[in-house]
Every structure is written in C-alpha cells, then in structure tokens.
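Subject: Structure handover

Hello,

Here is the structure for you to look through. My notes on it follow below.

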Amino acid sequence: MEIFRIAAIALVTAFCVILLRDIKSELAVIVAFAGGIIVILSVIDYFSNIFSVISSIASRAGLATSVVTLLFKIIAVGYIAEFSASLIDDAGLSSLADKVTLAGKLIIVGTSLPVVVELFEFIAGMLS
C-alpha cells in the first residue's frame, strides 16, 4: 500500500527536521520542504485519476468543461495555500503564514465568482 511509503517518508522527514532544528534550523526548513514535495509528488498520479473521473462525470451530467476546470483551480489554490502556509508556519513565521492563508481564501472567492454569477443567472431564469 502506498500510504505506508508516504508515512515512512513523512516520519523520516519529521525525524530529520527534529534533529536538525537544534543544530541548523535553516536546514531543517529545507528538509521539511523537500519531504513535503516528495509526498506531494508521490500522489500526483491520483490527481490525474481524480481529474479524469470527475471530468467524465461532468460531461455525462452536461456540465461545462470550464466549470470543472474552475473547480479544480479552486481546489489547487486551497491546497497550495495550505501547504505553503504550513511550511511558513514551521519556519516560525506564523504572521506571514496567516497572510498566505488569507490570500488563498481571497483568490478562491475571486476565482469562484463566475460560478456564483452563473448560478444566480440560472436561478433568475428559472423564476422568470
């Protein structure tokens, strides 16, 4: 099972970060970043599988491809913001991490506005 490999990578990374934090704290942040990237890269195939399944479901349901693409952009922004904020917080810059999280939320709201407008137009069309 793939989760065992991912858990092992995460545990080794965490152990290395704990050891390096007292010796060279700047190196500990780099090791944490590298471990996180390795974990993300080891599950990248699942993203493509999820994207293809959801795209096929959306096409069967008659949903526009642009809506599905927009949905995946929103999800990607959320994950990237959370991952970045966690790394920044681990580096001891919690104030900056909060700002990255806020920026991610604002980008999500801004990106999702076309879907909200389309939904309101659909509802208005149904009511008239």
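The expected span of a helix is 1.5 Å times one less than its number of residues. Helices are DSSP runs of H or I with at least four residues, numbered from the N terminus. Helix H3 (residues 44-61) has 18 residues and should therefore span 26 Å at 1.5 Å a residue, which agrees with the 26 Å between its end C-alpha atoms. After H3 comes Gly62, with a positive phi near 85°.

Two points on the source. This is a predicted model, in which local features need pLDDT of at least 70 and side-chain atom pairs count only at pLDDT 80 or more, while totals for chains, interfaces and linings use all residues. Residues are numbered from 1 along each chain as its sequence is written, and side-chain values use heavy atoms, with hydrogens and water left out.

Helix pairs

Two packed helices are described by the angle between their axes and the distance between the axes. Axes here are lines fitted to C-alpha atoms, for helices over the stretch in contact, and angles run from 0 to 180 degrees between N-to-C directions. Contact means heavy atoms within 4.5 Å.

H1 and H2 have axes that come within 7 Å and cross at roughly 170°. H1 is therefore roughly antiparallel to H2 (the term covers angles over 145 degrees). On the H1 side the contact includes Ile6, Ile9, Val17 and Arg21, and on the H2 side it includes Ala28, Val31, Ala32 and Gly35. Its residues fall into twelve nonpolar, four polar and three charged. Here Ala, Val, Leu, Ile, Met, Phe, Trp, Tyr, Cys and Pro count as nonpolar, Asp, Glu, Lys and Arg as charged, and the others, Gly among them, as polar.

Helix H4 (residues 65-90) packs against helix H5 (residues 94-127) at about 175°, with the axes 8 Å apart. This makes H4 roughly antiparallel to H5. Among the residues that meet are Leu70, Ile74 and Gly78 of H4, and Val100, Gly104 and Ile108 of H5. By class, this contact has 13 nonpolar, seven polar and two charged residues.

Pockets

A pocket is an open set of points on a 1 Å grid over the protein atoms alone, where a 1.4 Å probe fits, with protein on both sides within 12 Å along at least five of seven lines; lining residues have an atom within 4 Å of a point. Grid points are joined across faces, edges and corners, and a volume is the space filled by probe spheres set on the points.

The largest pocket holds about 540 Å³ of space. Of its 16 lining residues, Ile40, Phe47, Ala76, Tyr79 and Ile80 lie nearest its centre. H4 gives the largest share of this lining, seven residues. The lining has 14 nonpolar residues, one polar and one charged.

The second largest pocket holds about 190 Å³. Val17, Arg21, Ala28, Ala32 and Asp90 are the closest to its centre among the 14 residues that line it. Here the largest share, seven residues, comes from H2.

Regards

Terms used. Helices (H or I, at least four residues) and strands (E, at least two) are DSSP runs, numbered from the N terminus. Angles under 35 degrees count as roughly parallel, over 145 as roughly antiparallel, 65 to 115 as roughly perpendicular and the rest as oblique.
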